[in-house]
Amino acid sequence: MSDRIHSLGGYFHEYQKSVQDPENFWARIADSFHWQKRWDKVLDWNFEGPDVKWFVNGKLNITENILERHLFTHGDKPAIIWEPNDPNEIHVTLTYKQLHEKVCQFANAMKAQGVGKGDRVIIYIPMVPEAAIAMLACARIGAVHSVVFAGFSATSLSDRIIDCQAKMVITSDGNFRGNKQIPVKAVVDEALTTSDTIEKVIVLKRTGQEVTMNEGVDIWWHDAIEGVSTHNIAEVMDSEDLLFILYTSGSTGKPKGVVHTCGGYMIYTSYSFKNVFQYDQGDVYWCTADVGWITGHSYIVYGPLLAGATSVMFEGVPTYPDPGRFWAICDKHKVNQFYTAPTAIRALQAFGTEPVEPYSLESLKVIGSVGEPINEEAWHWYHDHVGKGRCPLVDTWWQTETGGILISPLAGITPTKPAYATLPLPGVQLTIVDNEGNELKGNSVQGNLCIKFPWPSMLRTTYGDHERCKQTYFSSFPGYYFTGDGVKRDEDGYYRILGRVDDVINVSGHRMGTAEVENAINEHPKVVESAVVGYPHDIKGQGIYAYVICDMEGRSEESLQAEIKQTVTKIIGPIARPDKIQIVPGLPKTRSGKIMRRILRKIASGEVDSLGDTSTLLNPDIVEAIKTGAGL
Ligand code: WT7
C-alpha cells in the first residue's frame, strides 16, 4: 500500500515531505479513498479563529470507505471479532459483508424512527458489536453520534443529551462486566427525567434483565430491524460535516463536546493505524479500550475498519474470570497487534508473571500503550513478559482532541525507548514552548507541548461553543494548538510526555477535571468547600485526593467520607470517586483567595520537605494542620 512506511529512511523522507508540502502529502494519501466528489482545495486554515478545513468541498461517506470499498476485495474477511465477557459464551465474527448488511439495515431502522442527517444521537451501550454497528449506521445516514461511556451516571448522560440536543438514544438493557450484571437502560430512564429532547430510545437485549419500556418512546433493537431492508444508499457528506461529538473533561466547567468531521478524520485514523501498528492484511488486531473513549472510536472502529483490518472487541475486564484473560484471548484469536493502557498493565503486573506464563502469545508482533505516561517498570514488564522481548512496544501519545495518534514509534521501523513516545508521525509539527510562549529550539529542552500546523484529524470546535475551543486550545500560546501536556525532548530529539500541566488529572487513563470533581463533591449538603488534586497511584497512575471542609455537626468523618464518595459516583460515575478524602479545617489560599494547589499536591504525594515558601499565604497555619491531618 502506497501510504505505508517501510524503513527508518522512509520515515524521515515522508516526514520531510509532509512538512515541506503538507497539501500534496495528504492529497496523495487521500487519493486512495473513495470520494463521491474530489475536494477543491486540500487545506484552509488559521489558528486564530480557529478555522480549519481539510479537503474543502470534498464529498464522501466514511462508511462507503469502510464497507463498499472492501466488499469485493475481502467481503468474507472478519471485520469484527467479538469476545464476550463470559469465556464460555460463544464469540461472534462479523465479516465485512455481514457488517455491511447490519449497518445498512440499522441505518434504515434509524431513519424509520425519524433520525436524519445532522441529528444528534447518543450511544450509551456496553462493548457489544452493536456499538460499532450503531456508530457506523449514524455515519451512514449523516447523523452525528455521541458515544457516552456506559459507566457514566444518569446526570452525566443527561448533561450530554442536553448539551447536544440529542434526538435519539441507543442503549441496551444491561451490561455484563466480570461477575456483575449492571443496569444500563434504567440509567437512561433516569437521564430522560431531566432532559426533554429525546424522541426515541432503541434498546438492545443483551442481559435479558427486566426493564421498563415506555410506550411510544422505547423500541427494542430486534423489533426496530424486523423486516427492514439491508440495502441503503449512503448519505452524501461534506468533508467538514460533523462525524461525531465526544465529550471530554477539561480544567474548567462541564465536559466539552469535541467535534470531529468526516474527511480529515477518515484519512488520518486510517493512515496512523496502518503505520503505527504496521498492520498487514490477514493480521488480527485488538485494542482493549471502550468505544466510549476516543481510543475506541479511532482504533477499534474507524481506523482499523477503514484499513480493512480485523478488529477484536472485548466485552469484559482483564481480571475475569482470572488475570490471564487478556492472554487467553490473544492466543484464542491469534492476535497480532495488541493495544492497551498502562493502568491495565500495572494491574496485571501486580499478579506476577504466573497468569501470563501458560500462554504462548506467539502470534503477537506488536504491542501498544495509550492513555497516560507508561512508567519504565511497566514498560519493561509489558515488553519482556507479554512481548517476550521480541515485539516492538509502541507508546502512542494523543488526545480526544487530536483524533489520532500524533507521537509514537512506527512498530519495528523507528526506534523505541522505554517511557518515550519518541517521534511525531508525518504531518505532525510539534513545538515546545516555555511558560512565556517562547519556542524552545534544539534538543535537551523541556516545556509545554504545542502543535504549529494543522493535521487532518484535529478537533474543529467544541460543540455549541466555539469560543471555548479557542480559549482552551488556541489562546495560551497564540498561533499554536496547546495540548495541556508537559514534555521533554531529550538529547537525541525523542519526546517524553511528562503529564498534564493544567488542572486535569489522568486516572487509569481517564481524563478528569479537578473542578468537575470538586463541583460534584460540593453538591453534598454538608460540604462547605473542596479542593481536588491528583497524587501518584501504583495502579491508576494518578489517584484522586480530595481536601474537604465540612460542617461536621453530629457526623463522623467516616460517614461523611462515604457519603461524599457516593455523591460523586451519583453525579459523575464511579470513575470519578475520590480515592482519598481528607476533612480539613481550611484550604491554603493566596491573598487573592486562590487555592494553592501546588501545596496540596505535594502533601497528597507525601512530599512535605519541598513545600516551598508558605509565608505569603493568607492562612499559613493551615498548612501544618493539613499535614498533621494527612499523618505527615
Ligand atoms: C491525555 C489525553 C489518547 C487516547 C486516550 C486518552 C495523556 C495519552 C499518552 C501517552 C503519556 C498520554 C496525555 C493527554 N496521554 N496518551 N502515550 N503518554 N500521556 O485520551 O482522555 O483525551 O487524554 O492523556 O496527558 O493529554 P484523553
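## Two cis prolines

Pro50 sits in the loop between β1 (41-46) and β2 (51-56). Strands here are DSSP runs of E with at least two residues, helices are runs of H or I with at least four, and both are numbered from the N terminus. A cis peptide bond links Gly49 to Pro50, with omega about -10°. A cis bond also joins Tyr320 and Pro321, where omega is about -5°. Pro321 belongs to the loop between β17 (310-314) and α12 (325-332).

This is a predicted model, in which local features need pLDDT of at least 70 and side-chain atom pairs count only at pLDDT 80 or more, while totals for chains, interfaces and linings use all residues. Residues are numbered from 1 along each chain as its sequence is written, and side-chain values use heavy atoms, leaving out hydrogens and water.

Gln165 lies in the loop between α7 (154-164) and β8 (168-172). Most residues other than glycine have a negative phi, and most peptide bonds are trans.

## Around the ligand

Nonpolar means Ala, Val, Leu, Ile, Met, Phe, Trp, Tyr, Cys and Pro; charged means Asp, Glu, Lys and Arg; the others, Gly among them, are polar.

Some side chains make polar contacts, here pairs of N or O atoms within 3.5 Å. An N or O atom in the Asp395 side chain is 2.7 Å from a nitrogen atom of the ligand. A polar side-chain atom of Arg511 is 2.7 Å from a ligand oxygen atom. For Asn506, a polar side-chain atom is 3.4 Å from an oxygen atom of the ligand. The protein covers 96% of the 550 Å² of accessible area that the ligand has on its own (Shrake-Rupley method, 1.4 Å probe).

## Two packed helices

Helix α16 (residues 514-521) packs against helix α17 (residues 557-571) at about 115°, with axes 8 Å apart. Axes are lines fitted to C-alpha atoms over the stretch in contact, and angles run from 0 to 180 degrees between N-to-C directions.

Contact means heavy atoms within 4.5 Å. Val517, Ala520 and Ile521 of α16 meet Ile564, Thr567, Val568 and Ile571 of α17. This contact has six nonpolar, one polar and no charged residues.

Technical notes:
A polar contact is a pair of N or O atoms within 3.5 Å; within protein, one must be able to donate a hydrogen and the other to accept it, and residues adjacent in sequence count only if both atoms are side-chain atoms.
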